[in-house]
Amino acid sequence: MDRIRYAVFTDKSIRLLGKNQYTSNVESGSTRTEIKHWVELFFGVKVIAMNSHRLRGTARRMGPIMGQTMHYRRMIFTLQPGYSIPPLRKKRT
């Protein structure tokens with residue numbers, strides 16, 4: 001479960017919950033089959049489709065030094081009808 005970082009709660013992701021689709025951020029190095037296996041094993045659900053896209057890190061400044069946050073991947077899981085995932089914990093900012 002260490003590859004799945006946290007659930008995403010945006011306007012779009014909340015709208016997708018009605019279609020039995022769940023959104024979460026995962027590590028950029030993980031593959032789709034790994035993530036599908038983890039979700040099915042940990043939550044006890046059946047995933048029928050997955051969509052993913054990579055998001056770039058944002059630029060951050062710490063005094064005179066310019067840095068960048070880590071790149072990550074966002075996955076959207078479509079579950080088989082009848083299955084659901086309990087609300088995931090929201091990341092604290």
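Arg73 touches Ser24, Asn25, Val26, Glu27, Ser28, Ser30, Thr31, Ser52, His53 and Arg54, residues up to four places away in sequence not being counted; contact means heavy atoms within 4.5 Å. Arg73 lies in strand E6, residues 72–79. The model is predicted, so local features need pLDDT of at least 70 and side-chain atom pairs count only at pLDDT 80 or more, while totals for chains, interfaces and linings use all residues. Residues are numbered from 1 along each chain as its sequence is written, and side-chain values use heavy atoms, with hydrogens and water left out.

**Arg73**

- Arg73 is buried but has no salt bridge, and Glu34, the nearest side chain of opposite charge, is 7.9 Å away.
- Buried means under 20% relative accessible area, exposed over 50%, and partly exposed in between, with a 1.4 Å probe and protein chains only.
- A salt bridge is a side-chain nitrogen of Lys or Arg within 4 Å of a carboxyl oxygen of Asp or Glu; Lys and Arg count as positive, Asp and Glu as negative, and His and the chain ends are not counted.
- A polar atom of the Arg73 side chain lies 3.0 Å from the backbone oxygen of Ser30.

- Asn20 is found in the loop between helix H1 (11–16) and strand E2 (21–26), and its phi is near 65°, a positive value in a residue other than glycine.
- Asn20 counts as buried because its relative accessibility is 15%.
- Beyond its neighbours within four places in sequence, Asn20 is in contact with Phe77, Thr78, Leu79, Gln80, Pro81, Tyr83 and Ser84.
- The C-alpha atoms of Asn20 and Leu79 are separated by 5.9 Å, although these residues are 59 residues apart along the chain.
- A polar atom of the Asn20 side chain lies 3.2 Å from the backbone oxygen of Tyr83.
- Phe77 is placed in strand E6 and counts as buried because its relative accessibility is 3%.
- Phe77 and Gln21 are 56 residues apart in sequence and 5.3 Å apart in space, C-alpha to C-alpha.
- With neighbours within four places in sequence left aside, the contacts of Phe77 are Asn20, Gln21, Tyr22, Ser24, Ile35, Val39, Ala49 and Met50.

**Aromatic pair**

- A search of the whole structure finds one aromatic pair.
- Phe42 and Phe43 form this edge-to-face pair, at 5.0 Å centre to centre and 85° between the planes.
- Rings of Phe, Tyr and Trp (its six-membered ring) pair if their centres lie within 6.5 Å; planes under 30 degrees apart count as stacked, over 60 as edge-to-face and the rest as tilted.

**Chain as a whole**

- The chain has two helices and six strands, in the order β-α-β-α-β-β-β-β from the N terminus.
- Helices (H or I, at least four residues) and strands (E, at least two) are DSSP runs, numbered from the N terminus.
- Buried residues make up 30% of the 93 residues in the chain.
- Of the contacts with a separation of 6 or more, 61% are between residues 24 or more positions apart.
- Along the principal axes, the C-alpha atoms fill a box of roughly 55 × 25 × 20 Å.

**Confidence**

- The mean pLDDT of the chain is 85, and 90% of its residues reach 70 or more; pLDDT is the predictor's confidence in each residue, from 0 to 100.
- Among the elements, strand E1 (residues 4–7) has the lowest mean pLDDT (79), and strand E4 (residues 59–62) has the highest (91).

Definitions and conventions:
Polar contact = N/O pair within 3.5 Å; in protein donor to acceptor, adjacent residues only side chain to side chain.
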